[in-house]
Amino acid sequence: ADIAVYASGNARPTGGAGAVAMLVGPNAPLALERGMRGTHMEHVYDFYKPDLSSEYPVVDGRLSIQCYLTAMDKCYQRFSSQPKGRLTLEDIDFACFHSPFTRLVQKSYARLMLNDFLLESSPDRKSGS
C-alpha cells in the first residue's frame, strides 16, 4: 500500500492511498514463474522530502512521469528478454499499471506497444540474429 499527501497545487489530485488485492481460488489461472521479472532503479529527485518536519514532499511532476515511463521501458525490455525466449504483449493476458491520473494507463500500454514495435522493426531482428 502507498499513502501520499501533497500540498496545494497540481499534484494534490493525484494523492491518496493505493493498494493491490487479488482473490485467488483453487483453480485460478495465476502462475508466478520464478525469475520472470524485470527491474529498474534510478536515483532521481522527482519526489522527495527535504524538510522532514513537513508531511509534504517536493514533487517534479513532469520528471516523475518521465522517470515512470523510463522505468517501465527498462523493466519491460528486461522482462521480455527472458532466457525462455522473447515475450511480447501478445503473451500477456493481464497487466496492472500505476494510475495516479487519467490516461496514464493508456499511455503506459501504448508505450509497451511501442517497445514491441521497435524491437520487431530493429535491423538485428530482421536479419535473424
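Modeller: The part I take is Phe47, which lies in strand S3 (residues 47-48). Strands here are DSSP runs of E with at least two residues, helices are runs of H or I with at least four, and both are numbered from the N terminus. This is a predicted model, in which local features need pLDDT of at least 70 and side-chain atom pairs count only at pLDDT 80 or more, while totals for chains, interfaces and linings use all residues. Residues are numbered from 1 along each chain as its sequence is written, and side-chain values use heavy atoms, with hydrogens and water left out.

Phe47 counts as partly exposed because its relative accessibility is 38%; buried means under 20% relative accessible area, exposed means over 50%, and partly exposed is in between, with a 1.4 Å probe and protein chains only. If neighbours within four places in sequence are set aside, Phe47 is in contact (heavy atoms within 4.5 Å) with Tyr6, Pro57, Val58 and Val59. Phe117 is 70 residues from Phe47 in sequence, and their C-alpha atoms are 31 Å apart in space.

Now the chain around strand S3. The protein has three helices and six strands, and along the sequence they follow the pattern β-β-β-β-α-β-β-α-α. The radius of gyration, taken over C-alpha atoms, is 18 Å, well over the 14 Å that the globule rule (2.2 Å times the number of residues to the power 0.38) gives for 129 residues, so the protein is more spread out than a compact globule. The C-alpha trace spans about 55 × 45 × 25 Å along its principal axes. Of the 129 residues, 16% are buried. Among contacts between residues at least 6 apart in sequence, 51% join residues at least 24 apart.

Ser64 has its place in helix H1 and counts as partly exposed at 25% relative accessibility; Ala11, 53 residues away in sequence, is 11 Å away in space, C-alpha to C-alpha. Thr70 lies in helix H1 and is partly exposed at 21%. Its C-alpha is 9.7 Å from that of Glu42, and Thr70 and Glu42 are 28 residues apart in sequence. Phe79 also lies in helix H1, with a relative accessible area of 22%, which makes it partly exposed. Not counting residues up to four places away in sequence, Phe79 touches Met36, Arg37, Gly38, Leu87 and Ile92. Between Phe79 and Met22 there are 57 residues of sequence separation and 22 Å of space, C-alpha to C-alpha.

Ser108 is a buried case for contrast. Ser108 is found in helix H2 (residues 104-121), and its relative accessible area of 0% is why it counts as buried. Residues up to four places away apart, Ser108 touches Tyr68, Met72 and Phe97.

Last, the surface and the charges. The accessible surface, from the Shrake-Rupley method with a 1.4 Å probe, comes to about 10,400 Å², and 56% of it belongs to carbon and sulfur atoms. There are 14 positive side chains (Lys and Arg) and 14 negative ones (Asp and Glu), with His and the chain ends not counted. The centres of the two sets lie 2 Å apart, each charge being placed at NZ of Lys, CZ of Arg, CG of Asp or CD of Glu.
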